[in-house]
Amino acid sequence: MMMDDPIKEQRLVRMSTSWQRCDGQGLKRLAAAGTAWLEQKYPAVNALNVFPVPDGDTGINMLLTMRNAWEEVATTAEDNVGAVAAMLAKGTLMGSRGNSGVILSQLWKGFAQALEGVDAFDAGQMAVAMRRASEFADNVRGMKPVEGTILTVARDGAQAAEVAAGQSSDLRTILAQVVEEMHESVERTPDLLVRDGVYVLRDAGVVDAGGLGLAYILEGMLRYLNGEVVEMSGDQVGEAAHLEGGIDLSGLDFPYDVQFVLTGQHLDIDSISSTIASMGDSALVIGDANTLKVHVHVVNPGEPLDYAAELGTLSDVVVENMREQYQEFVLSQDGASAAALAVEPPEVNAGDVAAIVVAPGGGLERVFYSLGAARIVSGGQTMNPSTEELIAAVEALPTDKIILLPNNKNILMAAEQAAEHVQDKQVRVVASRTIPQGISALLALDAQGDLETVAQAMTNALGQVETGEITTATRTTRIGDVDVREGQLIGLHDDDLRVAGDSMAEVMRALLAEMGAADMELVTLYYGDGVNESEAQALARTMQEDYAGIEIEVVEGGQPHYHYILSAE
Amino acid sequence: MGKVRIVTDSAARFENGSAVEEHQIEIIPMRLRLGSQTFVEGLEIDSEELFHRMRHSNAIPTIEPPSVDEFGNLFQTLSRETDQICVLTNSQHLSKAWYHANQARQSLLGRCEIAIMDSQTTSVGLGFLAESAARAADDGADLEDIVRMVRGLIPRLYSVYYVETLDFVQRAGLIGEAQAVLGTMLNIMPFLTIEAGVLIPMEKVRTHAHAVDKMVEFVTEFITIEKLIIMQNTLRITDQARMLQDRLMLDFPDLDYPIMLYEPLLSTWIGPDGMGVVVLEGEDDRRNRHF
């Protein structure tokens with residue numbers, strides 16, 4: 001990727017005492033800086049979970065969303081700020097993960113709309129664009145925006161920008177006011193966010209994570225303008241641009257392992273090396289000017305192959321789908337006979353109604369495939385897939401009637417955004433908030449049915465199951481009338497923290513009581529990746545003593561974070 | 001000469017036990033093989049006994065339809081009394097009876113008019129068609145009339161079943177092996193319907209309460225119902241049957257809700273642990289079926 005001249009940049013910032021206009025390249029720098037600062041601060045944002053549960057992901061979701069935006073603009077030389085803003089909007093849209101990522105993308109979209117056709121914005125235009133960003137995000141869902149969230153922080157920031165722009169034309173001054181106001185707004189969120197009559201942030205002793213994430217992004221931009229980031233080293237922008245290698249979040253984000261031998265004349269090892277390296281991960285290019293062995297992990301295997309084919313002849317080409325291998329590996333590790341089954345997704349024909357399910361891999365993937373899910377999207381590190389990943393899954397199916405099951409309330413918005421942005425297919429989101437709801441809905445799938453009818457039947461099925469989740473508390477707190485000590489086991493019923501205790505049996509028993517299991521026919525325990533089957537079976541037997549009349553099933557879920565997911569119906 | 005004679009196979013079940021004798025319906029028997037034993041259906045084994053054996057033995061029961069010769073012989077015999085025969089077989093997708101009947105017909109071409117009709121169903125639906133045909137024959141209808149009448153009745157018959165154990169539907173190819181293994185662990189009970197004579201898997205449930213919900217949903221889609229029969233693997237009134245009757249009586253207070261056993265042929269497809277309903281839709285319904 002092209003690196004801009006860092007010396008020239010330092011001159012730009014340091015030598016002008018005030019910065020009056022921001023063009024496309026300027027905005028690109030700001031986006032990089034905002035992303036780089038969030039890269040440092042995201043763990044703090046992740047930790048701001050209202051519930052003391054270990055799957056806080058707002059920070060990383062917003063970071064991944066911004067990284068996608070960066071990738072859109074990383075190689076552009078575009079000077080028109082409206083154009084760059086549009087690229088950032090598109091990048092955040094496609095890369096949006098989690099509800100906070102989606103709202104962030106909506107803010108960028110509003111921002112870009114206001115800057116359409118603008119070459120470079122001044123203070124006044126920046127304030128207008130921030131206001132437009134806030135209004136767009138506030139109104140896009142057609143519902144009254146919730147106070148005490150990222151939307152509040154964005155609005156307060158826009159307000160500060162307007163006031164500041166009335167007094168100064170220096171963008172740095174405006175931004176300084178915005179960042180100060182945003183942080184203060186974040187501090188006020190505990191007094192604003194109310195859910196079901198409860199001040200959830202205040203009671204949990206945290207501020208709103210999305211709001212803080214946004215404040216950090218703007219703060220990064222300000223630090224850059226203040227020369228801080230520039231001062232650290234000549235290639236500070238390079239560091240921001242170096243995000244690809246910065247944190248190894250890839251995991252299996254580059255699922256194809258591509259290897260080949262390239263034979264040619266006067267091969268430029270260095271140039272080929274750096275080009276291959278920029279395509280993905282774990283790049284290795286060794287050999288001499290006539291023969292090079294190349295190895296790299298990429299998203300699109302065609303990319304390195306097409307590139308190399310132009311330079312010489314290819315041989316010994318191997319392309320492996322590492323995700324499949326990983327799944328097979330996981331399957332072969334387990335002792336249970338069901339786990340050793342290779343469960344394949346059903347065949348999908350044109351005109352069928354097909355269901356795409358978000359599930360965190362492992363045993364739950366097998367469960368969903370066996371129930372007829374056409375495709376599982378796992379969402380990578382945060383278990384929150386991006387809008388783009390969901391769209392790709394929709395496009396990959398050979399039918400145009402699709403149901404999306406997000407199985408997590410933090411994936412709902414990305415799912416809806418994906419559904420909105422697919423042009424050539426009909427996509428309906430069935431708003432499942434938990435894995436058991438997703439399973440219940442999937443049972444109602446009729447592949448030969450009419451899409452609307454099936455979507456309705458699946459939606460009706462959501463309410464037919466109660467969900468329980470058991471995990472370990474990440475901090476000491478009080479939720480509602482439940483006191484929780486860090487390290488204790490906690491039980492949530494339909495996402496509500498209801499039980500805390502020290503023994504698994506005690507917590508599960510109490511949680512089942514909360515769920516009204518005594519009146520149900522069937523309880524299922526999905527055990528997570530830290531639990532082995534015999535433990536789970538023993539626990540089920542203990543529960544069976546208290547619930548003699550109901551059937552208790554034990555199924556391998558393999559989910560992270562949650563020791564057990566329970567369903568009762 | 002003589003009235004039209006009606007022939008059906010032993011998969012047929014009759015709500016009215018005396019219908020066969022009253023209307024001189026010819027039943028051509030099928031054979032059931034279980035392990036090393038063979039039984040003539042209807043004479044040597046009945047459903048309940050068969051289901052009991054199926055649950056306690058590893059042997060897989062198979063149905064043998066009447067052979068071409070057996071059909072041929074029956075046609076020969078009947079052709080002495082009549083020159084018009086209407087044969088109603090269980091669905092060609094459930095057994096080869098229809099194929100054998102067609103082949104046998106060749107030998108009587110020219111000597112006897114024989115219509116071989118695929119009922120696209122089995123069990124009590126098949127029995128109903130046979131009985132209707134026989135009544136029409138008694139009233140003097142000719143073969144053409146009867147064929148037309150039966151054609152009009154076939155689309156008004158609907159069946160849905162749900163099954164508690166998955167090995168039979170898996171063996172029948174209706175669900176995959178992995179689905180069966182995981183499905184058993186998950187307590188999955190799939191619903192099946194007979195559509196154009198083919199058993200098609202539909203939604204699934206995990207509890208009996210939801211199964212009853214689904215059956216109620218299915219039945220209440222109809223605007224008018226002429227007949228409804230609850231099909232079970234036992235003649236006792238089960239909890240599910242009672243729940244079903246209670247709830248359906250709200251929408252269809254004038255109907256009876258008889259319980260009948262489903263037959264060995266169907267059990268070779270869905271196993272011994274199924275339950276369902278067969279509905280004869282009212283005559284003038286324009287129905288938008290969602291189930």
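Helices are DSSP runs of H or I with at least four residues, strands are runs of E with at least two, and both are numbered from the N terminus. This is a predicted model, in which local features need pLDDT of at least 70, side-chain atom pairs count only at pLDDT 80 or more, and totals for chains, interfaces and linings use all residues. Residues are numbered from 1 along each chain as its sequence is written, while chains are lettered from A and ligands numbered from 1 in the order in which they are written.

**View 1. Helix α10 of chain A and the glycine that follows.** Let's start with one helix: α10(A) covers residues 209-225. After α10(A) comes Gly227(A), with a positive phi near 80°. From first C-alpha to last, the 17 residues of α10(A) reach 25 Å, close to the 24 Å expected at 1.5 Å a residue (the expected span is 1.5 Å times one less than the number of residues). Mostly covered, α10(A) has 17 of its 17 residues buried; a buried residue has 20 or more other C-beta atoms within 10 Å of its own, with C-beta atoms placed from the backbone.

**View 2. Helices α18 and α19 of chain A.** Here α18(A), residues 387-396, packs against α19(A), residues 412-421, at an angle of about 50° with the axes 8 Å apart. Axes are lines fitted to C-alpha atoms, for helices over the stretch in contact, and angles run from 0 to 180 degrees between N-to-C directions. Look for Thr387(A), Leu390(A), Ile391(A) and Val394(A) of α18(A), which meet residues of α19(A) including Ala414(A) and His421(A); contact means C-beta atoms, placed from the backbone, within 7 Å. The contact residues of α18(A) and α19(A) comprise six nonpolar, three polar and no charged (Ala, Val, Leu, Ile, Met, Phe, Trp, Tyr, Cys and Pro are nonpolar, Asp, Glu, Lys and Arg charged, and the others, Gly among them, polar).

**View 3. Helices α5 and α6 of chain A.** The axes of α5(A), residues 98-114, and α6(A), residues 123-139, come within 7 Å and cross at roughly 135°. That makes α5(A) oblique to α6(A). Among the residues that meet are Ile103(A) and Phe111(A) in α5(A), and Val128(A) and Phe136(A) in α6(A). This contact divides into ten nonpolar, four polar and three charged residues.

**View 4. Where chain B touches chain A.** Chain B brings 18 residues to the contact and chain A brings 19. On the chain B side, α8 (177-185), β10 (198-205) and α9 (208-220) each supply at least two residues. The largest share, six residues, comes from α8(B).

Methods:
Two residues are in contact if their C-beta atoms, placed from the backbone, lie within 7 Å. A residue is buried if 20 or more other C-beta atoms lie within 10 Å of its own, exposed if 12 or fewer, and partly exposed in between; C-beta atoms are placed from the backbone. Angles under 35 degrees count as roughly parallel, over 145 as roughly antiparallel, 65 to 115 as roughly perpendicular and the rest as oblique.
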